[in-house]
Amino acid sequence: MLELYGTELPSRLLLGTAQYPSPAILAEAVKASGTSVVTVSLRREMAGGRAGEKFWSLIRSLGVRILPNTAGCHSVKEAVTTAKMAREVFGTSWIKLEVIGNHDTLQPDVFGLVKAARILCEDGFDVFPYTTDDLVVAERLLEAGCKVLMPWCAPIGSALGPVNITALRSMRGHFPGVLLIVDAGLGRPSHAATVMELGFDAVLLNTAVARAADPVGMARAFGKAVDAGREAFSSGMLEPRDVAVPSTPTIGRAVFS
Amino acid sequence: MRVLVKGAGVAGLTAAFELAARGAVTTVAETRPAIEGNASWFAGGMLAPWCERESAEQPVLDLGRDAADWWDAVLPGQVIRAGTLVVAALRDTGELDRFASRTSGYRRVAEDEISLLEPDLAGRFWRGLLFPDEAHLDPRQAMVALHDKLAAMGVEFRFGADAQPVSDFDRQIDCTGIAAADDRLRGVRGEMLILRTRDISLSRPVRLLHPRFPLYAVPRADTQFMIGATMVESQSAGPVTARSMMELLGAAYALHPAFGEAGIVETGVGIRPAFPDNLPRVEALGTAVAINGLYRHGFVLAPAMARQAADLVFNQDATKELAHETDGQRRSA
């Protein structure tokens, strides 16, 4: 069972709610994936106070935990303001913190991220920072009060999958007791399985499901892949060997040639 | 039979036409002072159900494939049948394959054919998709022309204060879009621009695919182009945001740098009415019928919805609640 900031969750897949063909398909995808947490962005829906209320109430009706995010925020101030608004709108202290540093790659501004994380942690938020795989930044985020880290495995929406397995493995190794959720860049269920096999605690994804030809089918596939990867990690995988090892003993068998 | 149509957007006007054409004494009541300003007024006017299938479900294509014929028959000369051209920048050609895999009714075109179709785009795009059966119209011209045609057919229009109170009707059709009292509806904000430039001309709507900022440019009369449109989960009808405008203009500039010198004639915001499945509904309750949820497909879906609504009005069993057939299809799916 995954435990995030004191809440036990049956699924290790967290799903984003943007870009689906319709809210109805989003709802079906959420169900099919088995996810227990969805993220929702406030940034663009904010214009005019609670003008996004209709969409938000559809999200609330999904019956899963909501992790609001600060997607699209480019400064500490914007991110902190959006987080406070999210707390009000969704009645949760959870916040997925994004402070974007580069418009093209949507790379996090790690300096602003640490600063915003500190402000929000002190304000009582349970912060889920979207970060890189940089170990020093990770340490700073932990110092700031974060109990969960969300490293990317590739740029948001790129569907590239884990582009730097070594960095992810080293992150897992450096922070054995910290909850690590791979966020962003996953394109296929096998990518999700791969990072789960590395021992990451969960994955968060959006585009790979929302923009699939059949988002519901893809959500189900990701749900299975996450489960498979986790179970494989827990079950102890065989390390690769250089020599062939027959699965059936050959000693004592008749030799025909 | 006397029928009241509430709302003079594309749903209301098309419904009024279907009713009047079948002999109903029809009145259209619109609380706005004129035909301008509703969501339809800010539409792109693309009759492009094959392209829309990229993100819309099958009923949108099924219901919309005859839309161009309907508009052409009702308003001769308004519909331009030149297809839709879909292009992507070289680094986004993956988007083109993705679009192709979700749609039908296109053929792939290479650089040489793109330059024949749209000479001003020559050398800018290597690959594209042409949807030859698609068409477009100018929504504002079409709505005004349809209004005039309806008036000539004897349909009564009541605008602004005259829209209330209205009674003594056998049937009522609610086409008020997001203003309808239906909790299932939500508004999806769409922002658009109208640009004017003589430096580029297009013969058909062009869609520029991009993973983040997709865009369409629809040529209009007088060297104008409708550039659209954002999709924001918000019911705010406030002015276009700087960010949306920046994204739309950035994408237009990427389509052709000549748009950089274009004048911004207008910015507009429309609130598209949508049900949770983003599919339209014609529903009957008692003597009232409602057409709603046309979402981003108003001009594509309105003719089919209007026909269904008129069918209901003329064959209505007032004691029975009827649902639009797509509901049944969805339930069985």
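1. In strand 6 of chain B, Arg127(B) has Ala110(B) standing opposite, where strands (E, at least two residues) and helices (H or I, at least four) are DSSP runs numbered from the N terminus. This is a predicted model, in which local features need pLDDT of at least 70, side-chain atom pairs count only at pLDDT 80 or more, and totals for chains, interfaces and linings use all residues. Residues are numbered from 1 along each chain as its sequence is written, chains are lettered from A and ligands numbered from 1 in the order in which they are written, and side-chain values use heavy atoms, with hydrogens and water left out.

2. Strand 6 (residues 127–131) of chain B has antiparallel partners. Strand 5 of chain B is joined to strand 6 by 4 bridges, and the two run antiparallel; two strands count as paired if DSSP finds at least two bridges between them. Strand 4 (residues 84–88) of chain B also runs antiparallel to strand 6 and is joined to it by 4 bridges, with Val87(B) having Gly128(B) as its bridge partner.

3. An open sheet of chain B is formed by 6 strands in the order 8-2-1-9-16-15, with mixed pairing. Strand 8 (156–159) and strand 15 (281–285) stand at its edges, and because each has a single partner strand, one side of each is left without a neighbour in the sheet. From one strand to the next, the twist averages 20°.

4. Turning to the helices, helix 1 (residues 10–21) and helix 7 (residues 139–152) of chain B pack at an angle of about 30° with their axes 10 Å apart; axes are lines fitted to C-alpha atoms, for helices over the stretch in contact, and angles run from 0 to 180 degrees between N-to-C directions. Helix 1 passes helix 7 in a left-handed crossing, that is, the near helix is turned anticlockwise from the far one by less than a right angle, whereas clockwise would be right-handed. The contact (heavy atoms within 4.5 Å) includes Leu13(B) and Phe17(B) of helix 1 and Met143(B) and Leu146(B) of helix 7.

5. Over all chains, the count comes to 29 salt bridges, each being a side-chain nitrogen of Lys or Arg within 4 Å of a carboxyl oxygen of Asp or Glu. Asp97(B) and Arg108(B) form one of them, at 3.4 Å from N to O, and this pair links distant parts of the chain, since Asp97(B) lies in helix 5 (residues 93–102) and Arg108(B) in strand 5 (residues 107–110), 11 residues apart. Asp97(B) is partly exposed at 34%, and Arg108(B) is partly exposed at 45%.

6. Another salt bridge joins the side chains of Asp72(B) and Arg81(B) at 3.1 Å, N to O; Asp72(B) is partly exposed at 26% relative accessibility, and Arg81(B) is partly exposed at 43%. The side chains of Asp182(B) and Arg184(B) meet at 2.7 Å, N to O, in a salt bridge. Salt bridges that share partners join Asp182(B), Arg184(B), Asp277(B), Arg281(B) and Glu283(B) into one network.

Technical notes:
Buried < 20%, exposed > 50% of the residue type's maximum accessible area, 1.4 Å probe, protein only.
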